[in-house]
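This report describes one protein chain for a reader who is new to structural description. Please keep the sequence and the structure in view while reading.

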Amino acid sequence: MNNAKAKKLDEFYTFMPDIEEELNHYQEFFFDKIVYCCCDNPIYSNFYKYFKKNFNKLGLKQLIASCNSFEEKEGICSIYDGHNETLYNNINGNICSSWFCSMIAQSDIIVTNPPFSKSKMLLNYLINADKKFIVIGNRNHLTSDLFFLFFTHGKISLGYGV
(Lines give C-alpha, C1' and ligand atoms only; values in the text may rest on other atoms or scores of the structure.)
Protein backbone atom coordinates (compact mmCIF):
# COMPACT_ATOMS: atom_id res chain seq x y z
CA MET A 1 0.00 0.00 0.00
CA ASN A 2 2.84 2.39 0.80
CA ASN A 3 4.41 1.66 -2.58
CA ALA A 4 1.08 2.33 -4.32
CA LYS A 5 0.67 5.59 -2.40
CA ALA A 6 4.16 6.76 -3.30
CA LYS A 7 3.56 6.02 -6.99
CA LYS A 8 0.04 7.53 -6.84
CA LEU A 9 -1.21 4.16 -8.07
CA ASP A 10 -4.58 3.47 -6.52
CA GLU A 11 -6.10 1.02 -8.96
CA PHE A 12 -6.60 -2.45 -7.55
CA TYR A 13 -8.68 -5.23 -9.03
CA THR A 14 -11.61 -6.61 -7.06
CA PHE A 15 -11.54 -10.34 -6.30
CA MET A 16 -14.11 -12.53 -8.06
CA PRO A 17 -15.60 -14.00 -4.83
CA ASP A 18 -16.30 -10.45 -3.57
CA ILE A 19 -17.99 -9.53 -6.84
CA GLU A 20 -20.08 -12.71 -6.89
CA GLU A 21 -21.10 -12.33 -3.24
CA GLU A 22 -22.40 -8.80 -3.79
CA LEU A 23 -23.81 -8.97 -7.32
CA ASN A 24 -25.79 -12.16 -6.69
CA HIS A 25 -28.22 -9.95 -4.74
CA TYR A 26 -28.98 -7.81 -7.81
CA GLN A 27 -29.41 -10.35 -10.60
CA GLU A 28 -33.02 -9.42 -11.35
CA PHE A 29 -32.02 -5.81 -12.09
CA PHE A 30 -29.70 -6.73 -14.96
CA PHE A 31 -32.28 -8.29 -17.31
CA ASP A 32 -32.32 -6.59 -20.74
CA LYS A 33 -29.88 -3.92 -19.57
CA ILE A 34 -26.66 -2.43 -20.89
CA VAL A 35 -24.03 -2.74 -18.15
CA TYR A 36 -21.01 -0.47 -18.24
CA CYS A 37 -17.95 -1.29 -16.18
CA CYS A 38 -16.44 2.15 -16.54
CA CYS A 39 -13.15 1.76 -14.64
CA ASP A 40 -12.38 -1.76 -15.73
CA ASN A 41 -9.79 -3.04 -18.15
CA PRO A 42 -11.64 -5.74 -20.11
CA ILE A 43 -8.51 -7.89 -20.19
CA TYR A 44 -7.96 -8.01 -16.42
CA SER A 45 -11.18 -6.92 -14.73
CA ASN A 46 -13.09 -9.52 -12.74
CA PHE A 47 -16.24 -7.40 -13.12
CA TYR A 48 -15.99 -7.79 -16.88
CA LYS A 49 -15.25 -11.51 -16.54
CA TYR A 50 -18.24 -11.95 -14.21
CA PHE A 51 -20.69 -10.25 -16.56
CA LYS A 52 -19.31 -11.93 -19.68
CA LYS A 53 -19.51 -15.37 -18.04
CA ASN A 54 -23.05 -14.70 -16.79
CA PHE A 55 -24.25 -12.70 -19.81
CA ASN A 56 -27.07 -15.08 -20.81
CA LYS A 57 -27.99 -16.07 -17.26
CA LEU A 58 -28.49 -12.39 -16.37
CA GLY A 59 -30.21 -11.66 -19.69
CA LEU A 60 -27.95 -8.72 -20.48
CA LYS A 61 -28.48 -6.68 -23.61
CA GLN A 62 -24.86 -5.49 -23.83
CA LEU A 63 -21.68 -5.30 -21.76
CA ILE A 64 -19.20 -2.45 -22.01
CA ALA A 65 -15.92 -2.16 -20.14
CA SER A 66 -13.30 0.55 -20.43
CA CYS A 67 -10.36 2.06 -18.64
CA ASN A 68 -7.46 4.38 -19.14
CA SER A 69 -3.86 3.41 -18.72
CA PHE A 70 -2.25 4.47 -15.48
CA GLU A 71 -0.71 7.39 -17.34
CA GLU A 72 -4.23 8.50 -18.43
CA LYS A 73 -3.04 8.96 -22.02
CA GLU A 74 -4.87 6.17 -23.75
CA GLY A 75 -7.51 3.69 -22.87
CA ILE A 76 -9.09 0.47 -23.96
CA CYS A 77 -12.75 -0.48 -24.38
CA SER A 78 -14.61 -3.68 -25.10
CA ILE A 79 -18.22 -3.98 -26.17
CA TYR A 80 -19.79 -7.45 -25.94
CA ASP A 81 -23.27 -8.43 -27.15
CA GLY A 82 -23.33 -12.04 -26.03
CA HIS A 83 -21.77 -13.32 -29.26
CA ASN A 84 -19.26 -10.79 -30.54
CA GLU A 85 -16.68 -8.76 -28.71
CA THR A 86 -15.28 -5.59 -30.24
CA LEU A 87 -12.10 -4.14 -28.76
CA TYR A 88 -11.18 -0.48 -29.17
CA ASN A 89 -7.74 0.92 -28.39
CA ASN A 90 -6.59 4.48 -27.84
CA ILE A 91 -9.91 5.74 -26.51
CA ASN A 92 -10.15 8.66 -24.10
CA GLY A 93 -12.02 6.99 -21.27
CA ASN A 94 -11.13 9.67 -18.75
CA ILE A 95 -14.11 10.42 -16.50
CA CYS A 96 -14.36 13.95 -17.92
CA SER A 97 -14.15 13.00 -21.61
CA SER A 98 -17.04 13.25 -24.05
CA TRP A 99 -16.49 9.59 -24.99
CA PHE A 100 -16.93 8.50 -21.36
CA CYS A 101 -20.06 10.63 -21.00
CA SER A 102 -21.57 9.08 -24.13
CA MET A 103 -20.94 5.55 -22.78
CA ILE A 104 -22.61 6.49 -19.48
CA ALA A 105 -25.58 7.99 -21.36
CA GLN A 106 -26.24 4.82 -23.37
CA SER A 107 -25.83 2.50 -20.36
CA ASP A 108 -28.56 1.40 -17.98
CA ILE A 109 -26.41 0.35 -15.01
CA ILE A 110 -22.82 1.24 -14.11
CA VAL A 111 -20.92 -1.40 -12.10
CA THR A 112 -17.32 -0.89 -11.02
CA ASN A 113 -14.75 -0.39 -8.30
CA PRO A 114 -13.14 2.92 -9.30
CA PRO A 115 -9.67 3.96 -8.28
CA PHE A 116 -9.99 5.73 -4.94
CA SER A 117 -8.70 9.00 -6.44
CA LYS A 118 -11.58 9.02 -8.97
CA SER A 119 -14.39 7.70 -6.81
CA LYS A 120 -15.71 11.06 -5.60
CA MET A 121 -15.82 12.48 -9.11
CA LEU A 122 -17.43 9.34 -10.52
CA LEU A 123 -20.14 9.06 -7.87
CA ASN A 124 -20.94 12.74 -8.10
CA TYR A 125 -21.28 12.38 -11.88
CA LEU A 126 -23.46 9.26 -11.67
CA ILE A 127 -25.79 10.73 -9.06
CA ASN A 128 -26.17 14.01 -10.96
CA ALA A 129 -26.80 12.04 -14.18
CA ASP A 130 -29.48 10.05 -12.29
CA LYS A 131 -27.84 6.74 -13.27
CA LYS A 132 -28.32 3.42 -11.54
CA PHE A 133 -25.02 2.08 -10.27
CA ILE A 134 -23.29 -0.44 -8.07
CA VAL A 135 -19.91 0.67 -6.84
CA ILE A 136 -17.98 -1.79 -4.75
CA GLY A 137 -15.40 0.02 -2.71
CA ASN A 138 -13.56 0.39 0.52
CA ARG A 139 -15.34 1.57 3.67
CA ASN A 140 -12.91 4.50 3.73
CA HIS A 141 -15.05 6.02 0.98
CA LEU A 142 -17.73 6.71 3.57
CA THR A 143 -15.39 8.99 5.54
CA SER A 144 -15.34 11.54 2.75
CA ASP A 145 -17.67 14.50 3.13
CA LEU A 146 -19.28 13.91 -0.28
CA PHE A 147 -20.04 10.23 0.36
CA PHE A 148 -21.40 11.01 3.80
CA LEU A 149 -23.69 13.65 2.29
CA PHE A 150 -24.93 11.23 -0.39
CA PHE A 151 -25.45 8.53 2.24
CA THR A 152 -27.41 10.76 4.65
CA HIS A 153 -29.62 12.01 1.79
CA GLY A 154 -30.42 8.48 0.62
CA LYS A 155 -28.55 8.78 -2.70
CA ILE A 156 -26.29 5.83 -1.88
CA SER A 157 -26.62 2.89 0.48
CA LEU A 158 -24.44 0.15 1.82
CA GLY A 159 -24.56 -3.15 -0.01
CA TYR A 160 -25.28 -6.65 1.18
CA GLY A 161 -21.67 -7.63 1.84
CA VAL A 162 -21.09 -4.95 4.47
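## Overall organisation

The model is a predicted one. Its protein chain contains seven helices and six strands. Along the sequence, these elements follow the order α-α-β-α-α-β-β-β-α-β-α-β-α.

The protein chain has 162 residues, of which 43% count as buried. Among the contacts in the chain with a separation of 6 or more, 61% are accounted for by residues 24 or more positions apart.

## The pair α2 and α3

Helix α2 covers residues 16–23 and helix α3 covers residues 46–53; their axes come within 9 Å and cross at roughly 55 degrees. An angle from 65 to 115 degrees would count as roughly perpendicular and one under 35 degrees as roughly parallel; α2 is therefore oblique to α3. The crossing of these two helices is right-handed.

Which residues make the contact between α2 and α3? On the side of α2 they are Met16, Ile19, Glu20 and Leu23, and on the side of α3 they are Asn46, Phe47, Lys49, Tyr50, Phe51 and Lys53. By type, the contact of α2 with α3 consists of six nonpolar residues, one polar residue and three charged residues.

## The pair α5 and α6

A second pair of helices is formed by α5, residues 98–106, and α6, residues 116–128. The axes of α5 and α6 come within 12 Å and cross at roughly 50 degrees. The two helices are therefore oblique to each other. Their crossing is right-handed.

From α5, the residues Phe100, Cys101 and Ile104 take part in the contact, and from α6, the residues Leu122, Tyr125 and Leu126. The contact of α5 with α6 divides into six nonpolar residues, with no polar and no charged ones.

Is Ile127 buried or exposed? With a relative accessible area of 14%, Ile127 is buried, because the value is under 20%. The C-alpha atom of Ile127 is separated by 8.7 Å from that of Phe150, although the two residues are 23 residues apart along the chain.

Phe147 is found in helix α7, which covers residues 145–152. The relative accessibility of Phe147 is 6%, so this residue counts as buried. Between the C-alpha atoms of Phe147 and Ser119 there are 9.5 Å, while 28 residues separate the two along the chain.

## Two buried residues with polar side chain contacts

Ser78 has its place in strand β3, residues 75–80. Its relative accessible area is 0%, so Ser78 is buried. What does the side chain of Ser78 make a polar contact with? The partner is the side chain of Glu85, at 2.9 Å. Leaving aside residues up to four places away in sequence, Ser78 touches Pro42, Tyr48, Leu63, Ile64, Ala65, Glu85, Thr86 and Leu87.

Asn41 is placed in the loop between β1 (34–37) and α3. Asn41 counts as buried because its relative accessibility is 11%. The side chain of Asn41 reaches the backbone nitrogen of Ile43 at 2.8 Å.

The angle phi describes part of the backbone. Most residues other than glycine have a negative phi. Two residues of this chain can be read against that background.

Asn90 lies in strand β4, residues 85–91. The phi of Asn90 is near 60 degrees, which is a positive value in a residue other than glycine. Asn90 is exposed, because its relative accessible area is 56% and the cut-off for exposed residues is over 50%.

Where does Asp130 lie? Asp130 is in the loop between α6 and β6 (132–135). Although Asp130 is not a glycine, its phi is positive, at about 55 degrees. At 70% relative accessibility, Asp130 therefore counts as exposed.

Definitions and conventions. Residues numbered from 1 in each chain as written. Predicted model: local features only at pLDDT ≥ 70, side-chain atom pairs only at ≥ 80, totals over all residues. Heavy atoms only, no water. Axes fitted to C-alpha atoms, helices over the stretch in contact; angles between N-to-C directions. Helix = DSSP H or I, 4+ residues; strand = E, 2+ residues; numbered from the N terminus. Parallel < 35°, antiparallel > 145°, perpendicular 65-115°, else oblique. Left-handed = near helix turned anticlockwise from the far one by under 90°. Contact = heavy atoms within 4.5 Å. Nonpolar A, V, L, I, M, F, W, Y, C, P; charged D, E, K, R; others polar. Buried < 20%, exposed > 50% of the residue type's maximum accessible area, 1.4 Å probe, protein only. Polar contact = N/O pair within 3.5 Å; in protein donor to acceptor, adjacent residues only side chain to side chain.
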